[in-house]
Amino acid sequence: MKSIVNLLGGVKVYSDFDFISDWGPYGAGSHYSFKKGYNKVNGKKALAFCRERHHFENGDYQRGRDHQHMIEAILNKVMSPSVLGDYPALLKESKKMFQTNMSTKKIVSLCKMQLDDMAKWKISYANAAGKGTMGYTYSMPSTRLYVCSPDMNSINKITKKINKFLNERPGDGTTGTDSSGTKPLNDQGTNQ
């Protein structure tokens, strides 16, 4: 993420709160300040923004929301005419910074579509609820760690939202698998 934000010349990310990060320009012990509202960030400051959880009452949940705000900030910057106008160079420079199952041809067609109509995108968030507990994880199988046990009702609601989105065809109001071939999810969050 640091590299992408720096490649874009920084982004403006929304913060729900005023806070001082645990991580700053010189690592732990130095700090960045963020104000409620939009904040201009470079790669290092973006990473500090996304890492922070200790200064929030709802800790990891707010960190997840801040990740969503950062993704939206990156998308908004990429879709601006000044950046998107040179999408071939952007794709070349960023090809090792992300993974996708979308073909280059599809990405190019989306870039051209955006340049043609400059439509505003509606970005929606969905957050799963859960309960904090101690448990074993795949990454640390011999150590009990704080984990969030998901509330399956909230997972099911989000799964329905995702499936609704994946089944919509833009423009004609009908449903079906989207053009990337992505299939709807089942209640466990895996493809059907």
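Analyst: One definition to begin: a residue is buried under 20% relative accessible area, exposed over 50%, and partly exposed in between. The model discussed here is predicted.

User: Take Tyr14. Is Tyr14 buried, partly exposed or exposed?
Analyst: The relative accessibility of Tyr14 is 26%. The cut-offs are under 20% for buried and over 50% for exposed. The value falls in between, so Tyr14 counts as partly exposed.

User: Where does Tyr14 sit, and which residues is Tyr14 in contact with, leaving aside neighbours within four places in sequence?
Analyst: Tyr14 belongs to strand β1. A contact needs heavy atoms within 4.5 Å. With neighbours within four places in sequence left aside, the partners of Tyr14 are Lys36, Gly37, Tyr38, Phe49 and His69.

User: How far apart in space are Tyr14 and Asn39, C-alpha to C-alpha?
Analyst: In sequence, 25 residues separate Tyr14 and Asn39. In space, C-alpha to C-alpha, the separation is 6.3 Å.

User: How many aromatic pairs are found in the whole structure, and what kind of pair do Phe17 and Phe56 make?
Analyst: The search of the whole structure gives seven aromatic pairs. For Phe17 and Phe56, the ring centres are 5.7 Å apart and the planes meet at 40°. Stacked needs under 30 degrees and edge-to-face over 60.

User: Which class of accessibility does Phe17 fall in, and which does Phe56?
Analyst: Phe17 has 39% relative accessibility, so it counts as partly exposed. Phe56 has a relative accessible area of 8%. That is under the 20% limit, so Phe56 is buried.

User: What is the geometry of the Phe19 and Phe49 pair, and which elements hold its two rings?
Analyst: The Phe19 and Phe49 pair is tilted, at 6.0 Å centre to centre and 35° between the planes. The two residues are 30 positions apart, and their pair links distant parts of the chain. The elements are strand β2 for Phe19 and helix α2 for Phe49.

User: Are Phe19 and Phe49 buried or exposed?
Analyst: Phe19 has 6% relative accessibility, so it counts as buried. Phe49 stands at 0%. Phe49 therefore counts as buried.

User: Where is Arg51, and which residues is Arg51 in contact with, leaving aside neighbours within four places in sequence?
Analyst: Arg51 is in helix α2. Its relative accessible area is 39%, so Arg51 is partly exposed. His67 is 16 residues away in sequence and 8.6 Å away in space, C-alpha to C-alpha. Leaving aside neighbours within four places in sequence, the contacts of Arg51 are Trp23 and Arg63.

User: What is the phi of Met118?
Analyst: Met118 lies in the loop between α6 and β7. At 32% relative accessibility, Met118 counts as partly exposed. Its phi is positive, in a residue other than glycine, and is near 45°.

User: How does the lining of the second largest pocket divide into nonpolar, polar and charged residues?
Analyst: The second largest pocket holds about 230 Å³ of space. Its lining includes Met118, Trp121 and Glu72. The lining divides into six nonpolar, three polar and two charged residues.

User: Is Ser154 buried or exposed, and which residues does Ser154 touch, not counting those up to four places away in sequence?
Analyst: Ser154 is placed in helix α7, residues 152-167. At 11% relative accessibility, Ser154 counts as buried. Not counting residues up to four places away in sequence, Ser154 touches Ala128 and Ala129.

User: What share of the residues in the chain is buried?
Analyst: The chain has seven helices and eight strands. Its accessible surface comes to about 13,100 Å², with 55% belonging to carbon and sulfur atoms. Of the 192 residues in the chain, the buried share is 27%.

Methods: Residues are numbered from 1 along each chain as its sequence is written. This is a predicted model: local features need pLDDT of at least 70, side-chain atom pairs count only at pLDDT 80 or more; totals for chains, interfaces and linings use all residues. Side-chain values use heavy atoms; hydrogens and water are left out. Helices (H or I, at least four residues) and strands (E, at least two) are DSSP runs, numbered from the N terminus. Buried means under 20% relative accessible area, exposed over 50%, partly exposed in between (1.4 Å probe, protein chains only). Accessible areas come from the Shrake-Rupley method with a 1.4 Å probe; for residues, only the protein chains shown count as cover. On a 1 Å grid over the protein atoms alone, a cavity is a set of points where a 1.4 Å probe fits but cannot get out, and a pocket is an open set with protein on both sides within 12 Å along at least five of seven lines; lining residues have an atom within 4 Å of a point. Grid points are joined across faces, edges and corners, and a volume is the space filled by probe spheres set on the points. Ala, Val, Leu, Ile, Met, Phe, Trp, Tyr, Cys and Pro count as nonpolar, Asp, Glu, Lys and Arg as charged, and the others, Gly among them, as polar. Rings of Phe, Tyr and Trp (its six-membered ring) pair if their centres lie within 6.5 Å; planes under 30 degrees apart count as stacked, over 60 as edge-to-face and the rest as tilted.
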